[in-house]
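Here is a short briefing to read alongside your structure.

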Amino acid sequence: MTPKQRKTLIRIIVAFVITAGLTVTFHLVEVPWWIRVPAYLVPYVIVGHDVLYKAFRGICKGQVFDENFLMAVATIGAFCLSECLEGVAVMLFYQVGELFQSIAVGKSRKNIAALMDIRPDYANLLAEDGTTEKVDPDDVEIGSVIVVNPGEKIPIDGVVLSGQSLLDTAALTGESVPRHVAEGREVISGCIALDGQLRIETTKEFGESTVSKILDLVENSSMKKAKAENFISKFARVYTPIVCYSALALAVLPPVARLIFGYPANWIDWITRALTFLVISCPCAVVISVPLSFFGGIGCASSRGILVKGSNYLEALADTGTIVFDKTGTLTEGVFVVTGCHPAQGWNRDHLLSVAAHAESASGHPISLSIRRAFEETGRTVEPEIVSDIHEVAGHGVTALIEGKRIAVGNERLMLKEGAAVSCDQPEGTVCYVSVDGVFAGCIHISDVIRPTSGEAMKSLSAQGIRTVMLTGDRTEVAKRVAGELGIHTVRSELLPGDKVSEVEKLLEEKEKGSCLAFVGDGINDAPVLSRADIGIAMGAMGSDAAIEAADIVLMDDDPAKISLALRISRKTLRIVRQNITFAIGVKLLCLLLGAFGIANMWIAIFADVGVMVIAVLNAVRALKIR
Amino acid sequence: MKKTYKVEVDCAACAEKMADAIRATEGVKDATLSFMTLKVKVEFEEGADPDTVMQAARANCKKIEDDMEIYL
């Protein structure tokens, strides 16, 4: 409890005790009204003086329709009708509700903040004489050496100079299995060293480190408002004035009409009904529950390693009907392994692998890496000086000059360009062809491994009613096999990198109105596609700035099953949002109606105000606990 | 230019009013207030001085609701 809340609580208790005492006394002893009314005014002022003051200030500034004004009017009205006990009780009840709401909101705010709390408090800076000093992470310069003791958070991104340890990455990825790091490995901030001391040379400033970026992203996520939130703001803007004018009409029109038709006016009855209206007119319950639910949903997701950049994306994800996956690096590990080497007639295996590895020596493509690795495993090393004129042809492969011979390594299209007639049986996996001076020299088989959780992820997405699509630059046979194995509905294969954007655009046109399309990629080569889709989801983003930048939703680890979890969180959050909107508005309208007919009294009106708010807040907090 | 400020406000409806008031201040292009993080992100017009603009914005907010604060 904050000091402010504690003060309110004390005021409530004191006022309650006095009110109870007075009520009992007046029950036993008959007293005239001029003693009774001032006596009740004492607890009334104790518990409600701030409300009265705020109402007064509001009137001075022309801000008439706020809840303080309404409470003041309603309770003073009760006093005027000599319903003193009711006046005090209403104010008491109102303050209890406000206090409870303030505590509930503060608590959920704190809970969510704790979920996201990965901010390191200090860094142990190593001085030249070998001593360490605790400093603010902001003050550590790039290239400094910091020491991370067991149990401490790594404050800044860097490279391990010495020491080894298991790292707990749960705060970043939601993954509970620790990772092992040792000398020479890059580490990112936010992880906790578990069992060993690490000396780390920092490679970034604190402000540029992973942990700062993530904190920034999560803290800003509630700034991007969802449609539901904007709807509520607009609703609140019209709701209060409408109810206030209705209250005025209710207080004046029926009595006047009754007078005209020759009945007694019953002013008191109608004014009481109008006051009830005023109490119900505060839109706070509705206004608070919606952003709180989204905040809870985003907090829950981030504790599981799913960073959502805004409530609007969480909302869009819940409406997603199609999810498009990039194959390599997303559904598959993206780590290729050479599984076969088939030289054409007149060539031998070693030579084939050697020319291919040399031609690919400058490329960072996973396929190139796998060929080089296979070559190095034979005990030889790539000599870059014998290779020249390396050209990478996007979507085709690589050409280069080696010892005066033109080497081409790539797919069938490249061979066609080179005029080499290929002959190779088509096994599982990707085939990489090699030609020398336009003559086919053989082929290399490379396979990618499907991620262990991909199948499970696709199954649960299908069960959630999602149409799954896979895009790949791979051959159709390979693509079909992978898709069949995983149970993916649609496959588009043999795409050049540029084709992926147009494929996604085609899918965007095909989709049903109102449903969204999400694209899942590894964020390395697919930034244009990520931004073109309604929602871009980047996987395996831990430590990859580009992916964090380009995507709307970021999965810190590379588990496709997290997508189905994210979908579940978004849908449940939206369900809570809808429940709260319907419930709060519904109860308010119902109470307004009952109030107009004189059935609802002040107590029901207060419930419609603070009671609904408390229930809505408690419901919103459920968004935190989605599994 | 965009800047983020910490705010204090008690109820969600007041927070909405506060955001409206900041948005209506001269020199402010757009403002988003998050009641959950109690922060307001203000985008200033080209050439506006954030400090003077925020003083004015704060005064505007005080006009509609006393019980609030923007930490400048």
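Tyr433(A) stands opposite Cys443(A) in strand E17 of chain A. This is a predicted model, where local features need pLDDT of at least 70, side-chain atom pairs count only at pLDDT 80 or more, and totals for chains, interfaces and linings use all residues. Residues are numbered from 1 along each chain as its sequence is written, while chains are lettered from A and ligands numbered from 1 in the order in which they are written.

**Around strand E17 of chain A**

- Strand E16 (residues 430–436) of chain A pairs with E17(A) in the antiparallel sense over seven bridges; two strands pair if DSSP finds at least two bridges between them.
- Helices (H or I, at least four residues) and strands (E, at least two) are DSSP runs, numbered from the N terminus.
- The two strands E16(A) and E17(A) make a hairpin with two residues between them, and Asp437(A) in the turn has a positive phi of about 50°.
- E17(A) (residues 439–450) is also joined by eight bridges to strand E12 (residues 332–343) of chain A, and these two run antiparallel.
- Thr332(A) has Ile450(A) as its bridge partner in E17(A).

**A six-stranded sheet**

- Chain A has an open sheet of six strands in the order E2-E1-E3-E9-E4-E7, with antiparallel pairing.
- Its edge strands are E2 (132–135) and E7 (186–187), each pairing on one side only.
- Within this order, four bridges join the antiparallel strands E4 (residues 158–162) and E9 (residues 198–202) of chain A.
- Gly158(A) has Thr202(A) as its bridge partner in E9(A).

**Where the chains meet**

- In all, 15 residues of chain B are in contact with 19 residues of chain A; contact here puts the C-beta atoms, placed from the backbone, within 7 Å.
- H1(B) gives the most to the side of chain B that touches chain A, with three residues.
- The axes of helix H9 (residues 284–303) of chain A and helix H1 (residues 12–23) of chain B come within 7 Å and cross at roughly 80°; the axes are lines fitted to C-alpha atoms over the stretch in contact, with angles from 0 to 180 degrees between N-to-C directions.
- That makes H9(A) roughly perpendicular to H1(B), a label for angles of 65 to 115 degrees.
- Cys284(A), Val287(A) and Ile288(A) of H9(A) make this contact with Ala12(B), Ala13(B) and Glu16(B) of H1(B).

Notes
Parallel < 35°, antiparallel > 145°, perpendicular 65-115°, else oblique. Contact = placed C-beta atoms within 7 Å.
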